[in-house]
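Dear colleague,

Please find below the structure that I am handing over to you, together with its sequence. My findings come after it.

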Amino acid sequence: MKPLNARLTAAGLVGLLGVCAGQAAAQATPPAPLPERPMQFPAFHEATLPNGLRLVVVENHARPVASADLYVRGGSSADPAGKQGLASMTAGLLNKGTPTRNAQQIAERIEGVGGSLSASAGDDWIDVSADVLSDQLPLALDLMSDVALHPAFAANELETSRTQRLSTLQSSLGEPGTVAARAFARQVYGTHPYGSASVPATVRAITRDDLVRYHGTYFRPGNALLVISGDVTQAQAMSMARQYFGSWTGGAAPRTAMPAPPQLARTQIYLVHRPGSVQSNIVAGNLALRPENPDYYAVAVMSQILGGGSSGRLFQILRQQHGWTYGSYSNVSRPRDVGAFQATAEVRTEVTDSALAEMMRQVRRMRDEPVPAAELASVKSFMVGSYPLRFETPDQIASRLATDRLLGLPADAMRTYREHIAAVTAADVQRVAQKYLQPDHMAVVVVGDAGRVLSKLEPIAPVVLLDVEGRPLDRSAVEVRASTDRFDGSRLAPATFTYQVMVQGNALGTATATITQDGAAWRATSQLGIAMAGLSQADTVWFGNDLVASAYKLLQTQGPNQISADLRLANGRITGATKLPAAAGGDRTVDLAAIPGTRLPGMDALILAVADLADGKTITYPAYGVRANGVSNVTVKVVGSESVTTPAGTFDTWKMEMSGGDAPATLYVRKSLPHVLVKREVTGQPISIVLQSMQ
């Protein structure tokens with residue numbers, strides 16, 4: 001046999017290309033799908049214990065593993081007003097100790113046999129879950145019953161959990177996707193429980209008595225479903241369920257009727273201001289249908305056509321045709337009460353209005369035009385054909401069975417899903433689109449830099465301006481304002497600072513910052529490298545004693561991607577050029593007016609180094625952002641004092657919150673002049689830099 005790199009003659013190459021072209025033409029029309037194969041579900045059994053606990057057993061003896069899940073109805077939708085986060089904290093504390101075992105003993109017992117035990121809270125129920133080798137299932141159920149029925153809710157564990165949740169919550173408010181999802185739920189559901197979410201005040205308000213009361217109200221056998229799956233027989237599962245849960249007592253849990261969500265009078269845009277953001281997160285949608293509604297199957301097909309993955313219309317048009325986003329999708333939620341339709345996209349700031357307008361156009365198209373037969377057939381074939389992939393393990397089958405039971409769906413819902421999908425017609429799709437897609441009565445949430453997108457969004461729909469916590473904002477808050485602050489560069493001194501780059505608490509890179517002086521002119525150079533990520537960055541900014549920059553250069557490389565900038569600030573204008581990946585905006589020529597006091601990139605730490613700082617001090621100045629290609633306000637506020645220890649020593653620092661710019665952050669700067677940057681934490685990311693040395 002000839003080697004693969006054997007030379008081809010010119011004639012042979014032409015012939016090979018002809019064959020390939022012929023094969024490509026032959027494959028232009030895909031082959032017809034294979035006949036549908038019947039699904040073979042493993043045996044499953046259902047029973048109810050004398051105390052009211054429902055049991056589902058899914059047998060599969062292919063591997064010696066087993067899982068158990070205890071579902072307790074309630075979830076975050078049962079959180080009392082002012083105590084949002086209670087269900088989540090209850091779930092998180094279940095395996096943190098009982099009267100007979102502490103958290104360490106519980107963890108050691110389950111991990112000692114190679115298993116896991118955890119608990120989490122969703123909107124409608126709490127799930128306590130265990131996975132083990134099948135011969136360790138009795139141990140898993142013993143531990144599960146202990147933590148679910150007898151949690152200690154120890155005071156020290158409660159405070160540890162509270163601290164962790166407050167930190168996580170604070171970080172989540174820096175994640176635009178999380179902010180968008182919370183804002184969308186709040187606007188679509190209003191005072192309905194699905195519209196509420198925990199905030200720092202509600203987490204701080206939770207007491208041990210609240211945990212005990214919640215647990216006593218909802219953790220009752222008649223309000224629970226136990227699902228055991230894997231290498232276990234029905235008789236074994238029933239015996240273990242009786243042994244470990246048979247003595248569980250308690251009457252029925254309360255079933256409080258949920259209020260009806262509001263009907264939106266008109267489409268309205270809720271613009272959440274995130275200054276300096278280089279992208280906008282869009283979520284648009286409205287209330288849809290309850291889980292038992294027979295329209296669900298046609299709605300699922302409709303949503304798959306519109307935004308179900310890379311073949312959906314939203315993805316194909318917003319990404320493939322226009323290059324506005326990495327992805328755009330749609331879905332319809334299916335909770336115990338009424339669900340919601342939503343379409344989503346993350347787009348570059350400058351195309352926010354175009355992307356939203358196109359998204360709404362595609363929603364209207366679903367209502368106005370029958371789905372072509374070929375497109376409908378392709379989508380249904382995918383949904384029917386991929387359905388078995390969801391049930392490759394007993395645990396997946398058990399999870400779906402549990403969800404069906406908790407949602408009150410028919411007993412055969414899982415088995416008949418493919419039949420229902422296959423029966424959906426083009427008329428069905430258009431009918432449910434007209435019924436459940438309401439482009440004139442939608443909540444549209446946009447999280448982005450309001451200063452750059454507000455005026456562009458107003459022609460689409462009325463705009464309400466909010467901050468990241470959902471509080472109303474006055475329009476003056478998003479206007480980029482001239483800075484009247486003056487800064488004294490004589491407070492600086494030539495120096496070199498070395499920092500560690502920390503990711504999830506691990507040192508993964510280094511950064512250096514050097515300040516040099518030549519008469520009244522200053523130059524600040526920084527270099528950063530994270531070898532594991534293939535990231536390197538070097539930038540230089542030139543400025544005067546007034547700390548107004550005259551020039552800036554940047555070169556950042558990560559793998560094949562490169563970002564560069566070469567900018568000048570003179571005569572009231574910013575000029576130059578920037579280069580970014582195509583998905584981030586591509587190459588640009590920069591020529592725009594500079595509002596008085598505008599700073600070029602690389603000046604934040606220098607300004608703070610010489611500023612007059614005190615408790616509550618706020619500094620705001622306009623700054624140009626390379627990725628945003630625009631000027632927005634940067635605001636830095638002193639929020640407290642803190643002692644910070646780094647490899648360079650222990651420092652008394654001002655703690656400062658920075659918003660605007662490329663990345664919101666928490667800064668810690670030395671109290672004495674110059675205010676050296678001691679630590680910087682990126683909001684919403686496990687990334688920080690800490691001072692290692694200075695000279």
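This is a predicted model: local features need pLDDT of at least 70, side-chain atom pairs count only at pLDDT 80 or more; totals for chains, interfaces and linings use all residues.

The largest nonpolar core comprises 74 residues, and the members that touch the most others are Leu271, Val301, Met366 and Val429. Helix H10, spanning residues 296–307, is the greatest contributor to this core, with 9 residues. Leaving aside residues up to four places away in sequence, Val429 is in contact with Val301, Met302, Ile305, Met366, Val371, Leu376 and Val424.

The crossing of H10 past H12 is right-handed. On the H10 side the contact involves Met302, Ile305 and Leu306, which meet Gln362, Val363 and Met366 of H12. By type, the residues of this contact are 5 nonpolar and 1 polar, with no charged residue.

Finally, I draw your attention to Ala180, which is located in helix H6 (residues 176–189). With a relative accessible area of 1%, Ala180 counts as buried, because the cut-off is under 20%. Its contacts, again without residues up to four places away in sequence, are Asn281, Val283, Val445 and Val447. Between Ala180 and Val444 there are 264 residues of sequence separation, while their C-alpha atoms are 9.6 Å apart in space.

Yours sincerely

Technical notes:
Residues are numbered from 1 along each chain as its sequence is written. Side-chain values use heavy atoms; hydrogens and water are left out. A nonpolar core is a set of buried Ala, Val, Leu, Ile, Met, Phe, Trp, Tyr and Cys residues joined through side-chain atoms within 4.5 Å. Buried means under 20% relative accessible area, exposed over 50%, partly exposed in between (1.4 Å probe, protein chains only). Helices (H or I, at least four residues) and strands (E, at least two) are DSSP runs, numbered from the N terminus. Contact means heavy atoms within 4.5 Å. A crossing is left-handed if the near helix is turned anticlockwise from the far one by less than a right angle, and right-handed if clockwise. Ala, Val, Leu, Ile, Met, Phe, Trp, Tyr, Cys and Pro count as nonpolar, Asp, Glu, Lys and Arg as charged, and the others, Gly among them, as polar.
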